[in-house]
Amino acid sequence: MTLKELESISNQFCNLDKLVAFKPLASGHINDTFLIETQKKLFFVLQRINHGVFKDVPNLIKNKVLVSKHLKEKLSHLSQAELKRRVLSFVETINGENYYVDSYGNYWNMMEYINDSITYQTVKSKEIAFEGGKLIGNFLNLTSDFNASKLVEVIPNFHDMSFRFSQFEASLKNASKERLDKANNYIDIVWELKEEMHILQHLKETGKIKVRVTHNDTKISNVLFDKNKKGLCVIDTDTVMPGIVHYDFGDAIRTICNTANEDEKDLNKVSFNLEYYKAYVKGFLEELNSALTPLEIKYLPLGAKTMIFIMALRFLTDYLNNDTYYKTSYPEHNLDRSKNQFKLIESLNEQFNEMEILNNISVK
Ligand code: GN1
Ligand code: MG
């Protein structure tokens, strides 16, 4: 994208002066995101939503705007300035919409950039793990009275294990021999873990674990921190949908406790950091403990394992499908991501008892 092209798009949004600079924010595997700067030194995040993946962009944006509105109401005791640092603020178009469709049929939305905010791809201190836990816990707490029926399920069955298994099975039928061979060992692991990885789904389906509003993409790079390393704001609300608490608990753990990036190829660098797990659980339960049932708490460690697994499975499936879903930078990128997540599960397994012991302490 050029500055001129982005300017023609940003001109469609309200009260924006001339663009002077932009830079791509390499933040996600699906959408394209740009940080733009205007002549008056105002910063915005301009985002092109991938309508191949998100089939109903208008409702996706509607979800995001409704969630921000709800959060702002819940935090209305804060000053306007503080509120804008704690909750995403969307910019309307000159036509009063929350998105703009360009002449190619691409959907764009714009948010105010939260100045002096920091994101992390990997965590390097217990404090960040703790703050991450607090912020995710707080998000779930604040959205717990949000009317979930107002939300459109933008990707149905997003964290549904049976659905992900059916996609995996279809990919096995279509994959090339070469890719099947390379994935072989990991395919075996998938089958070995199948039953255990459906436990949470069964508890959800039988109503033993309740459905609430969840974020569904709580990787640590979706949490903004301030300069003092305090949690500020949960971003990327694209996938806010009904779910169970374990989705958000576990997906955050997946990135917070991984000692390496999710696509690190050197698997010796990938392990599960139990100290960060403890710090995260402390922060998370500080915000949410009273709202969780003993059964929800009991299954938090399994939630961590299940969410790491579902990502391993999805990356593997996309590799077998010749990389049609996630952005990749090289042919084995998805396979490497998948191997990384399986290595993380192996390391988590070695510490699973300790995670459960910690859990028993937390319940009391
Ligand atoms: C995708 O696009 P991004 O990076 O926000 C994916 C998540 C995965 C994540 C893995 C809609 O999120 O489910 O956890 O990659 N989002 C979608 O990093 O599939
Ligand atoms: Mg996302």
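Predicted model: local features only at pLDDT ≥ 70, side-chain atom pairs only at ≥ 80, totals over all residues.

**Helix α6**

I started with α6, which runs over residues 177-193. I checked its length: at 1.5 Å a residue, 17 residues should span 24 Å, and the end C-alpha atoms sit 23 Å apart, so the two agree. I also looked for a kink, and α6 bends by about 60 degrees at Asn 184.

Next I asked which residues of α6 are buried. I got Arg 179, Ala 183, Tyr 186, Ile 187, Val 190 and Leu 193. Their packing partners are α5 (161-174), α11 (300-320) and α12 (333-350).

**Ile 187**

What does Ile 187 contact, leaving aside neighbours within four places in sequence? I found Phe 168, Leu 172, Leu 180, Leu 316 and Leu 320. I followed up on Leu 316: it lies 129 residues from Ile 187 in sequence, yet the C-alpha atoms are 8.3 Å apart in space.

**Helix α1**

Then I went to α1, residues 3-10, where Leu 6, Glu 7, Ile 9 and Ser 10 are buried. These residues cover an arc of only 160 degrees around the axis, so they are on the same side of α1. I looked up what they pack against, and the list is made of strands: β1 (19-24), β2 (32-38), β3 (43-49), β5 (100-101) and β6 (107-112).

Conventions. Residues numbered from 1 in each chain as written. Chains lettered and ligands numbered in written order. Heavy atoms only, no water. Helix = DSSP H or I, 4+ residues; strand = E, 2+ residues; numbered from the N terminus. Expected span 1.5 Å × (residues − 1). Bend = angle between axes of the 7 residues up to and from the residue. Buried < 20%, exposed > 50% of the residue type's maximum accessible area, 1.4 Å probe, protein only. Contact = heavy atoms within 4.5 Å. Arc of directions from axis to C-beta.
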